[in-house]
Amino acid sequence: MNPAILLIEDDRPIAENVVLALARDNLDCRHVTLAAEGLALLRDGGFDLLILDVGLPDANGFDVCRALRGFSDLPVIFLTARSDEIDRVVGLEIGADDYVPKPFSPRELAARVKSILRRARGNGHGAIGVAPSSGPAFLRVDEERACIACRGQTLELSRSEYLMLKLLAARPEKVFSRAELMDAAGLAEASLERSVDTHIKSLRAKLAACAPDVDAIRTHRGLGYSLVRAKA
Ligand code: CA
């Protein structure tokens with residue numbers, strides 16, 4: 001069965017191009033123009049990924065994503081028209097997996113969709129192979145439930161943050177480059193490296209809330225990031 005994509009986008013020419021590009025890659029895409037209509041379909045389930053325009057006639061995409069996160073961890077790619085929207089997508093904790101700034105190439109979008117679907121399918125199969133005992137003492141990675149707890153408190157992570165932190169936790173003290181972190185998180189190469197920094201900033205804040213005495217993620221200038229191996 002082909003993966004099922006939902007596209008919520010009010011610009012019909014853009015939507016038609018996206019649907020065609022996805023069909024070429026054997027991805028079935030259902031298209032709606034209104035947030036309310038899209039959310040109703042999402043509640044019914046059956047989709048593998050959501051492509052979400054930020055500027056919709058009846059709501060903005062951020063609110064749609066927040067509402068979705070109340071009942072689903074479906075991967076989400078945002079279509080953004082302005083750079084301040086990009087900042088909100090990567091900076092706020094709304095659980096976006098990637099974003100594509102307009103104007104974009106539908107083929108590039110299809111490539112990102114496939115990359116994220118591959119990652120989503122890989123989840124829970126131990127692709128990175130984190131044994132519970134191998135991580136740092138203050139973190140526990142639960143791959144079956146796709147969540148990470150810091151000192152017993154489950155962190156509220158976006159999918160990208162979860163995948164990045166899982167990678168870091170698999171090898172404490174090892175320095176991972178931004179490219180490795182982007183790859184682990186399913187962010188396409190064309191994504192700005194800045195988005196890795198923004199995810200790291202968000203992860204630091206979340207870890208600091210649970211473990212304020214641990215400076216959990218180290219920056220290695222020009223190289224990347226590593227997670228400390230700290231005591232619990
Ligand atoms: Ca729009």
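Which residue lies over the face of Phe 176? In this predicted model, the residue is Lys 174, at 4.9 Å from the ring centre. Lys 174 is also listed among the contacts of Leu 227, together with Pro 172 and Glu 173.

Leu 227 belongs to the largest nonpolar core, which has 31 residues; with Leu 139, Leu 181 and Ile 217, Leu 227 touches the most other members. Two or more residues each are given to this core by strands E6 (139–142), E7 (147–150) and E10 (224–227) and by helices H6 (159–170), H7 (178–184) and H8 (194–210). H6 provides the largest share, 7 residues. Beyond four places in sequence, the contacts of Leu 227 include Phe 138, Leu 139, Leu 165, Leu 168, Ala 216 and Ile 217. A separate core of 22 residues includes Leu 6, Leu 42, Leu 56 and Phe 62. In soluble globular proteins, nonpolar side chains tend to be buried together.

Phe 62 lies in helix H3 (residues 61–69) and Phe 78 in strand E4 (residues 76–80), 16 residues apart. Both Phe 62 and Phe 78 are buried.

The calcium ion is coordinated by Asp 10 (OD), Asp 53 (OD) and Gly 55 (O), at 2.1 to 2.3 Å. The spacing of these donor residues in sequence is D-x42-D-x1-G. Asp 53 is buried, at 4% relative accessible area, whereas Gly 55 is partly exposed, at 41%.

In total, 10 salt bridges are found in the structure. Arg 112 and Asp 98 form one of them, with the closest N and O atoms 3.3 Å apart. Arg 112 is in helix H5 (residues 106–122) and Asp 98 in strand E5 (residues 98–101), so the pair ties together parts 14 residues apart in sequence. Arg 112 is buried, at 5% relative accessibility, and Asp 98 is buried at 1%.

Another salt bridge joins Lys 206 to Glu 161, at 2.5 Å between the closest N and O atoms. Because Lys 206 lies in H8 and Glu 161 in H6, this pair ties together parts 45 residues apart in sequence. Lys 206 and Glu 161 are buried. Asp 197 and Arg 178 also meet in a salt bridge, at 2.7 Å from N to O. Asp 197 is in H8 and Arg 178 in H7, so parts 19 residues apart in sequence are tied together. Asp 197 is partly exposed, at 28% relative accessible area, and Arg 178 is partly exposed at 21%.

Conventions. Residues numbered from 1 in each chain as written. Predicted model: local features only at pLDDT ≥ 70, side-chain atom pairs only at ≥ 80, totals over all residues. Heavy atoms only, no water. Core = buried A, V, L, I, M, F, W, Y, C linked by side-chain atoms within 4.5 Å. Buried < 20%, exposed > 50% of the residue type's maximum accessible area, 1.4 Å probe, protein only. Helix = DSSP H or I, 4+ residues; strand = E, 2+ residues; numbered from the N terminus. Contact = heavy atoms within 4.5 Å. Donors = N, O, S within 2.8 Å, 3.2 Å for Na, K, Ca; no water. Lys NZ or Arg CZ within 6 Å of the ring centre and 35° of its normal. Salt bridge = Lys/Arg side-chain N within 4 Å of Asp/Glu carboxyl O.
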